[in-house]
Amino acid sequence: MAALRSRARAARDCGVQVIWDLCHYGWPEEIDIWKPEFIREIAAYCRAFALLLRAETDEIPFYTPINEISFWAWAGAEAAEMNPFACWRAPELKRQLIRASLAAIEAIRSVDPRARILHSEPLIHVAAETGSPEERAAAEGFHRAQFQALDAIAGRLWPELGGDYGCLDLVGVNFYPGNQWLWGGPKLLRGEPSYRPLRQLLVEVHERYRRPLVLSETGAEGDERPGWLAYVADEVRSAIHQKVPVEGICLYPVVDYPAWDDERRCPTGLWGYADETGRREIYEPLARELARQQALCASSGSFRNARIYPAAPPDILPISPTPTEVFLASI
């Protein structure tokens, strides 16, 4: 836990608010993810983490108990592209991860009731290539499936898992250039007739859950990076003007990294790979666009009316009536 203490202290000293991602596609090898012990161990780990963090800072902590339940269930138990490398078990893994997330939330709040919870899920759109009723129904069904994890956490789906609306605090959505595609076909590109503007997708999520939103991951590769950021930021401002409470935008990853599939170098970050001295070269086009978007958000007040909401139905008054300044950030 020494690393946690040092990071928590560094964040405190630098005035950085961290959202602690506690389980991101991995777990100790000796634990069977399919067994009840996984849920117990996740809860115990999250409780211990929250206790330690509470001892290090007086700031209200923010946690993501389990990252991208929907994607993990598909990639890990349908496509067998990551742990646990299974096939035809995606619904089973999704339910297990939902149970674990709910147990983690309860464990965290048992030692620190102030804790805020950010759920992070992919934001997608799937369109039918033809007008056939069968294909349209299949595309719509896949589109709706993206909400299963959050619906269950909120207690709207599979109530036997123990979900409750109070567990649905902040809703994070991850959105990339490849997050829209034709059913059974290629990905959709911006400008194509079936491509839905990001603002519409954000409105859809907000109308479904009535919770504050965070664009918790976004980014593009190569020369597309600055243009993608400009598009995303403009769409977020448009959504905010439609009364959608988007609290911020996170560039991810902020440094270049080896690709998941073939370990090629992915030029996606604000900074490149570290050289032999540890120095990272900044990608100037993205840095300039980031500075421009930060200035636009500051001057337009896009994030200035963001409020901290309670973990309760939206008709409950906010925790604090004071607007919170939140600006475009790269994490």
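Q: Where in the chain is the place of Trp158?

A: This is a predicted model. In it, Trp158 sits in the loop between helix H6 (148–153) and strand S5 (170–174).

Q: What does the phi of Trp158 look like?

A: The general idea comes first. Most residues other than glycine have a negative phi, and most peptide bonds are trans. Trp158 is not a glycine, yet its phi is positive, at about 50°.

Q: Which value does phi take in Phe85, and where is the place of that residue?

A: Phe85 has a phi near 55°, again a positive value in a residue other than glycine. Phe85 belongs to the loop between H3 and H4.

Q: Is the peptide bond from Asn83 to Pro84 cis or trans?

A: The bond joining Asn83 to Pro84 is cis, and its omega is near 10°. Pro84 is placed in the loop between helix H3 (69–77) and helix H4 (90–111), and Phe85 is in the loop between H3 and H4 too.

Q: What is omega for the peptide bond from Tyr252 to Pro253?

A: Omega is near -15° there, and the bond from Tyr252 to Pro253 is cis. Pro253 is found in the loop between strand S8 (246–251) and strand S9 (257–258).

Q: At what angle do H3 and H4 pack?

A: Two packed helices are described by the angle between their axes and the distance between the axes. For H3 and H4 the angle is about 140° and the axes are 8 Å apart. The two helices are therefore oblique to each other. As for handedness, H3 and H4 make a right-handed crossing.

Q: Which residues in H3 and H4 meet?

A: From H3 come Ile69, Ser70, Trp72, Ala73, Gly76 and Ala77; from H4 come Ala90, Leu93, Lys94, Leu97, Ile98 and Ser101. By type, the contact of H3 with H4 has 8 nonpolar, 3 polar and 1 charged residues.

Q: At roughly what angle do the axes of helix H1 and helix H2 cross?

A: Helix H1 (residues 2–14) and helix H2 (residues 36–56) have axes that come within 10 Å and cross at roughly 40°. That angle makes H1 oblique to H2. The H1 and H2 crossing is right-handed.

Q: Which residues in H1 and H2 meet?

A: On the H1 side they are Leu4, Arg5, Ala8, Arg9 and Arg12, and on the H2 side Phe49, Leu52, Leu53 and Glu56. This contact of H1 with H2 is made up of 5 nonpolar, no polar and 4 charged residues.

Q: With which residue does Glu56 form a salt bridge?

A: The partner of Glu56 is Arg5, and their closest N and O atoms are 3.7 Å apart. Glu56 is in helix H2 and Arg5 in helix H1, so the pair ties together parts that are 51 residues apart in sequence. Arg5 and Glu56 are also among the residues where H1 and H2 meet.

Q: How many salt bridges does the structure hold?

A: There are 18 salt bridges in the structure.

Q: Which handedness, left or right, has the crossing of H7 and H8?

A: The crossing of H7 and H8 is right-handed. Helix H7 (residues 198–209) and helix H8 (residues 224–241) have axes that come within 8 Å and cross at roughly 45°, which makes H7 oblique to H8.

Q: Which residues in H7 and H8 meet?

A: Leu198, Arg199 and Leu202 in H7 touch Tyr231, Val232, Asp234, Glu235, Val236, Ser238 and Ala239 in H8. Sorted by type, the contact of H7 with H8 contains 6 nonpolar, 1 polar and 3 charged residues.

Q: In which sense, parallel or antiparallel, do strand S11 and strand S12 pair?

A: Strand S11 (residues 271–274) and strand S12 (residues 280–282) pair in the antiparallel sense, over 2 bridges. Ala274 is opposite Arg280 in S12.

Q: Which residue in the hairpin of S11 and S12 takes a positive phi?

A: Gly278 does, with phi near 90°, in a hairpin that has 5 residues between the strands.

Terms used:
Residues numbered from 1 in each chain as written. Predicted model: local features only at pLDDT ≥ 70, side-chain atom pairs only at ≥ 80, totals over all residues. Heavy atoms only, no water. Axes fitted to C-alpha atoms, helices over the stretch in contact; angles between N-to-C directions. Helix = DSSP H or I, 4+ residues; strand = E, 2+ residues; numbered from the N terminus. Parallel < 35°, antiparallel > 145°, perpendicular 65-115°, else oblique. Left-handed = near helix turned anticlockwise from the far one by under 90°. Contact = heavy atoms within 4.5 Å. Nonpolar A, V, L, I, M, F, W, Y, C, P; charged D, E, K, R; others polar. Pairing = 2+ DSSP bridges. Salt bridge = Lys/Arg side-chain N within 4 Å of Asp/Glu carboxyl O.
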